[in-house]
Amino acid sequence: ERKALDAALAARGVALEAWEDEAMADAYVGPSSGARVWYDAAADCVHWPVLLLYPETAQSDFIQDFHEASCLYDQLLVMFGEKAEHSPDWDVERKYAAPKLRPYVTFEADGGAERWQRLRADAPLLEQLVELQPLGYAIRGVPIIHVLVRGSAYEKELLRRLDARAL
């Protein structure tokens, strides 16, 4: 099974790196977690756990099984709804509505500076992550996606700080 997974990842151009924190690896994809990166040979598709972080609220969600061709928008729609009708209790302002959410990944760019790269929620996640690899992005264990509310004060301040640091 591991050889088939490795071959499938290589065929897709995925560079999978080791977890930086073994305790985190055990928590998310260890034997008791119920989640793993796996290859479905019959359907020729890779499945991933995906960690969603909501930095503005210091919350997170963990998706145990995310199909390689899936788009984040579909998952966000189930989780939050089109008008925040499914939002969790921590979203007291009900601003986490799927159409308003922007996914980002972070990684070290050239020179070691932290880079935030916005993803398209309506495009297959794996394809986007592979496209970012030449820029320095690597999947370390599982994809970790930061989710921000489009146009929120938090997103504006984050982008302002990133722009200021780039100068």
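This note reviews the salt bridges of a predicted model.

1. Glu-1 and Arg-36. These two side chains form a salt bridge, with an N to O distance of 2.6 Å. Arg-36, by contrast, is partly exposed, at 41% relative accessibility.

2. Glu-56 and Lys-95. A salt bridge also connects the side chains of Glu-56 and Lys-95, at 2.7 Å from N to O. Here too the partners come from distant parts of the chain, 39 residues apart. Glu-56 sits in the loop between β3 (45-54) and β4 (59-67), while Lys-95 sits in the loop between α3 (72-80) and β5 (101-108). With a relative accessibility of 26%, Glu-56 is partly exposed.

3. Arg-161 and Glu-157. The salt bridge between these side chains has an N to O distance of 3.9 Å, which counts because the cut-off is within 4 Å. Both residues are part of helix α5 (residues 153-166), where a spacing of four residues corresponds to about one turn of the helix. Arg-161 is partly exposed at 43% relative accessibility, and Glu-157 is partly exposed at 33%.

4. Network. Salt bridges link Arg-12, Asp-44 and Glu-68 into a network.

Conventions
Residues numbered from 1 in each chain as written. Predicted model: local features only at pLDDT ≥ 70, side-chain atom pairs only at ≥ 80, totals over all residues. Heavy atoms only, no water. Buried < 20%, exposed > 50% of the residue type's maximum accessible area, 1.4 Å probe, protein only. Helix = DSSP H or I, 4+ residues; strand = E, 2+ residues; numbered from the N terminus.
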